[in-house]
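Here is a short report on one protein model. Please look over the sequence and the fold before reading on.

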Amino acid sequence: MTHPDPDLHANANANANYGVQQSGGHSQVGNQAIGPNARAVAHQIAFQSAAPAGSAERIEQLLTTIQQLLTAHAAELPDPDAPQVELRRLREELDEAEPQPGVLRRALDRLAAIAVPIVPLATAVAELSTVVLG
């Protein structure tokens, strides 16, 4: 049996809402296509920096503080060179036009692990992680 009005079925689908519903949380979506015959086409994909505008000054302040704390507490660190290497990697990545979040996260994680025994240093690294990674 056919529908008495074949255009009715086509129009009903044309007016259907195939949207996405999200409640709460955070979502980053790349290509997305919804509904019959939908296509998603990607051209250049860019990501918004986790650091809010104006945070560059705060990041630089924290990097300077961390450097000063590393110097002041060098004798308390098992390997005083390791945090310097991580701090240098972090600075180099932050200086890139498009810093890679994974590289930043790994450097900050390693720096945080090294900083654990020194409370002021661990606090500064934690704040830097929050500012850089959000």
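**Overall**

This is a predicted model. The protein has five helices and zero strands. Read from the N terminus, its elements run α-α-α-α-α. Of its 134 residues, 21% count as buried. Among contacts with a separation of 6 or more, 56% join residues 24 or more positions apart. The protein exposes about 9,800 Å², and carbon and sulfur atoms supply 52% of that area.

**Helix α3**

Helix α3 covers residues 81-95, which makes 15 residues. At 1.5 Å a residue, these should span 21 Å.

Which residues of α3 are buried? They are Pro 83, Glu 86, Leu 87, Leu 90 and Glu 93. Seen down the axis of α3, these buried residues fall within an arc of 130°, so they line one face of the helix. Asp 81 and Asp 95 are on the other side of α3, and both are exposed.

What do the buried residues of α3 pack against? The table lists the partner helices.

| Partner of the buried α3 residues | Residue range |
|---|---|
| α2 | 55-72 |
| α4 | 101-115 |
| α5 | 119-133 |

**Glu 86**

Glu 86 lies in helix α3. Its relative accessible area is 7%. Buried means under 20%, so Glu 86 counts as buried. The side chain of Glu 86 makes a polar contact with the side chain of Arg 110, at 2.9 Å. Neighbours within four places in sequence aside, Glu 86 is in contact with Ala 107, Arg 110, Leu 111 and Ile 114.

**The nonpolar core**

The largest nonpolar core holds 21 residues. Within this core, Ile 66, Leu 90, Leu 121 and Leu 128 touch the most other members. Helices α2, α3, α4 and α5 each give two or more residues to the core.

Conventions:
Residues are numbered from 1 along each chain as its sequence is written. This is a predicted model: local features need pLDDT of at least 70, side-chain atom pairs count only at pLDDT 80 or more; totals for chains, interfaces and linings use all residues. Side-chain values use heavy atoms; hydrogens and water are left out. Helices (H or I, at least four residues) and strands (E, at least two) are DSSP runs, numbered from the N terminus. The expected span of a helix is 1.5 Å times one less than its number of residues. Buried means under 20% relative accessible area, exposed over 50%, partly exposed in between (1.4 Å probe, protein chains only). The arc is that of the directions from the helix axis to the C-beta atoms. Contact means heavy atoms within 4.5 Å. A polar contact is a pair of N or O atoms within 3.5 Å; within protein, one must be able to donate a hydrogen and the other to accept it, and residues adjacent in sequence count only if both atoms are side-chain atoms. Accessible areas come from the Shrake-Rupley method with a 1.4 Å probe; for residues, only the protein chains shown count as cover. A nonpolar core is a set of buried Ala, Val, Leu, Ile, Met, Phe, Trp, Tyr and Cys residues joined through side-chain atoms within 4.5 Å.
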